[in-house]
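Please go through the following briefing with the sequence and the model side by side.

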Amino acid sequence: MLHKLSLLLLVVATFCSCYDHHDEPPINGGAMSGNCDISQLYQLCQGGCHTISSDIVCVGRVTSSDSEGNFYRSMFVEDSTAAVEILLGTYNIEAQYPVGVVVELHLKGCAVMVKEEILQVGLPPQSFDTAPREFESQVVIDRHIIRGSSVEDIEPLVCNIPSLDTSLCGRFVKVTDIWHAPLTDSDEESSMVEYHRFSNDNEDIVYTYISPYAEFASMPIPVEFVSVQGILFYESVKNEKSRQFVIRPRFKDDISTINSTH
């Protein structure tokens with residue numbers, strides 16, 4: 001009886017050990033090594049969705065976070081040349097890939113595509129589809145993403161509104177000295193949820209977007225000058241005739257009041 005109990009405890013311990021390991025991404029404590037800049041991946045997407053058949057490896061740092069709910073089932077990785085959205089299809093991403101951690105992306109067998117100016121990486125599409133699929137399985141994610149041990153503070157690319165460009169989409173950017181400037185007769189919410197319009201002295205426009213599911217969706221609209229940082233998108237916005245540049249904050253503190261010189 002004692003022998004059977006000991007055997008049972010051993011099996012349970014082994015199972016728990018495997019489970020815990022499965023929840024943790026593989027970590028490389030050494031130097032990360034790539035053979036391709038993220039910007040070079042754009043060259044593969046000229047004809048739409050492309051499945052990578054060669055051993056392409058990119059290295060970058062995570063710039064987004066799902067911890068406060070404004071990003072969902074994906075993360076953004078950036079190197080010095082460009083950024084890419086990884087379609088993980090999982091939750092609690094911040095716990096495994098915190099902002100600033102270095103990652104090695106092994107892209108052989110993955111599909112790449114530019115969607116609304118955002119470079120995306122996922123699994124090859126189904127036969128009836130034309131866009132990359134989410135990884136979804138942690139086993140598959142671990143096959144393509146190796147986490148490094150190095151974590152550093154990430155500095156945004158500081159821009160003024162006129163310098164925003166579609167080539168910067170997906171990058172972690174910061175625009176400062178702007179204020180809330182809703183359109184006349186706008187039906188924008190009283191809080192910062194959804195899209196909100198901001199302007200500068202020259203009446204240049206940039207929008208923010210905060211999901212209704214974000215923890216800070218109810219934050220009040222600022223009445224002071226602010227700086228806004230987050231991931232840059234270029235997308236359709238309600239009440240606008242054309243697509244607009246949109247900054248999606250990761251955290252509540254990504255929108256901060258400033259002492260303006262005005």
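## Briefing on the predicted model

Val 62 has its place in strand E3 (residues 57-62), where helices (H or I, at least four residues) and strands (E, at least two) are DSSP runs numbered from the N terminus. This is a predicted model, in which local features need pLDDT of at least 70 and side-chain atom pairs count only at pLDDT 80 or more, while totals for chains, interfaces and linings use all residues. Residues are numbered from 1 along each chain as its sequence is written, and side-chain values use heavy atoms, with hydrogens and water left out.

**Confidence and overall make-up**

- The mean pLDDT of the protein is 90, and 89% of its residues reach 70 or more; pLDDT is the predictor's confidence in each residue, from 0 to 100.
- Over residues 7-22 pLDDT stays under 50, and for these residues the model has 3 contacts beyond four places in sequence, a contact meaning heavy atoms within 4.5 Å.
- Where pLDDT is low, the predicted coordinates should not be read in detail.
- The protein has 3 helices and 16 strands, and 46% of its 262 residues count as buried, where buried means under 20% relative accessible area, exposed over 50% and partly exposed in between (1.4 Å probe, protein chains only).
- Among contacts between residues at least 6 apart in sequence, 66% join residues at least 24 apart.

**Surroundings of Val 62**

- Val 62 counts as buried because its relative accessibility is 0%.
- Val 62 and Phe 76 are 14 residues apart in sequence, and their C-alpha atoms are 5.8 Å apart in space.

**Aromatic rings and the charge over them**

- The structure holds 6 aromatic pairs, counted when ring centres of Phe, Tyr or Trp (its six-membered ring) lie within 6.5 Å, with planes under 30 degrees apart taken as stacked, over 60 as edge-to-face and the rest as tilted.
- One of these pairs, Phe 76 with Phe 233, is edge-to-face, at 5.8 Å centre to centre and 80° between the planes.
- Phe 76 lies in strand E4 (residues 75-78) and Phe 233 in strand E14 (residues 226-235), so their pair ties together parts that are 157 residues apart in sequence.
- Both Phe 76 and Phe 233 are buried, and together with Phe 71 they form one aromatic cluster.
- Arg 248 has its charged end over the ring of Phe 233, 4.5 Å from the centre, and Arg 248 also lies over the face of Phe 71, at 5.7 Å from that ring centre; the criterion is NZ of Lys or CZ of Arg within 6 Å of the ring centre and within 35 degrees of the ring normal.

**Loop residues with positive phi**

- Asn 92, in the loop between strand E5 (83-86) and helix H2 (93-96), has phi near 55°, a positive value in a residue other than glycine.
- Asn 92 counts as exposed because its relative accessibility is 54%.
- Glu 116, in the loop between strand E7 (111-115) and E8, has phi near 50°, again a positive value in a residue other than glycine.
- Glu 116 counts as partly exposed because its relative accessibility is 43%.
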